[in-house]
Amino acid sequence: MFYWFLKFLALGPLLRLIFRPWAEGTEHVPSSGPAILASNHLSYSDWLFMPLVVPRRVTFVAKAEYFESPGIKGWFQKKFFSGSGQVPIDRSSGSAAAGAISTQLRLLSEGEVCGIYPEGTRSHDGRLYRGRTGVARLALEAKVPVIPVAVINTDVVAPPGKVFGRMARPGVRFGEPLDFSRYDGLQDDRFILRAITDEIMYEIMRLSGQEYEDLYAQDAKKRAKEIEREAEAEKARAESDEVWDEIRPD
């Protein structure tokens, strides 16, 4: 109930009034029955704008810690996350990845629409990165279609590392549902899982127009930080050499 209150009465109308989000291909989202919405991930605001433009509830999984904080603040935090379409990961499965799949399988079995970010984390530079194969395993085990989704301009509205950037109209494009029933029973074949995931990422790339990098986003972030540290160290060495050149005797 709180989800619909936020979407249609409280938060949703405010977001529509201020940002005027646009959408294409919403007819590809089924009006009933389970489905996976597999999206690129540019900003923390993605999970606000993408569900806003479709009539159905879109559910994401989130860290259980968001729902377990004590006190009044914890109660409000739990209400907000659950009301905005997020559910805690089932941690009884032994790992976060297994818990996320277990939770999403339960939701899909109940006829829900699940949102998932195959990249696993936000893009730090606007590129589209290699997808994790969990989305493929989920599609095969649940036997549901995957709708590729591209969010656009959300990284302008809320860039990585910032609460707000600048005004822009965010958009969402939905592609045609992808049917992987031809791979039924092959959810334990890692080559099949990779092929399915790559097909999903290709469709997301086509919809978003992003440059694709065949590298996991987390690895790309680590590489970018290493390059930044090396550049800072080189700058410090150069500045030290300049100081030494100024003070040493001829």
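Colleague: What counts as a salt bridge here?
Modeller: A salt bridge is a side-chain nitrogen of Lys or Arg within 4 Å of a carboxyl oxygen of Asp or Glu. The model is a predicted one.

Colleague: How many salt bridges does that rule give?
Modeller: The count comes to eleven.

Colleague: Which residue meets glutamate 24 in a salt bridge?
Modeller: Arginine 173, with an N to O distance of 2.9 Å between the side chains. The pair links distant parts of the chain, since glutamate 24 is in strand E1 and arginine 173 in strand E8, 149 residues apart.

Colleague: And what is the bridge partner of glutamate 24 in E8?
Modeller: Arginine 173 is the bridge partner of glutamate 24 in E8. Strand E1, residues 22–24, pairs with E8 in the parallel sense, over three bridges.

Colleague: Where do glutamate 24 and arginine 173 stand on accessibility?
Modeller: Glutamate 24 is partly exposed at 39% relative accessibility, and arginine 173 is partly exposed at 25%.

Colleague: Does E7 pair with E8 in the parallel or the antiparallel sense?
Modeller: Antiparallel: strand E7, residues 146–152, pairs with E8 over four bridges. In E8, valine 172 is the bridge partner of valine 151.

Colleague: Switching to H7. What span should its 19 residues have?
Modeller: Helix H7 runs over residues 190–208 and should span 27 Å at 1.5 Å a residue. Its end C-alpha atoms are 27 Å apart, so the two agree.

Colleague: What covers the buried residues of H7?
Modeller: The cover includes strands E2, E6 and E9, helix H5, and also E7 and E8. Among the buried residues of H7 are Ile192, Ile196, Ile200 and Ile204.

Colleague: Is arginine 194 buried or exposed?
Modeller: Arginine 194 counts as buried because its relative accessibility is 14%, under the 20% cut-off. Aspartate 198 is partly exposed at 32%.

Colleague: Which residues do salt bridges that share partners join into one network?
Modeller: Asp125, Arg127, Glu211 and Glu213. The side chains of arginine 127 and aspartate 125 meet at 3.8 Å, N to O.

Colleague: Last topic, the surface. Which residues make the nonpolar patch?
Modeller: Leu14, Leu17, Ile18, Tyr44, Val163, Phe164 and Met167 make a nonpolar surface patch of about 710 Å².

Colleague: Where is phenylalanine 164?
Modeller: Phenylalanine 164 is in the loop between helix H6 and strand E8. Its relative accessible area is 41%, so phenylalanine 164 is partly exposed.

Notes:
Residues numbered from 1 in each chain as written. Predicted model: local features only at pLDDT ≥ 70, side-chain atom pairs only at ≥ 80, totals over all residues. Heavy atoms only, no water. Patch = residues over 30% accessible without salt bridge, like charges linked within 9 Å, V, L, I, M, F, W, Y side chains within 5 Å. Areas by Shrake-Rupley, 256 points an atom, 1.4 Å probe, with all protein chains shown as cover. Helix = DSSP H or I, 4+ residues; strand = E, 2+ residues; numbered from the N terminus. Buried < 20%, exposed > 50% of the residue type's maximum accessible area, 1.4 Å probe, protein only. Pairing = 2+ DSSP bridges. Expected span 1.5 Å × (residues − 1). Contact = heavy atoms within 4.5 Å.
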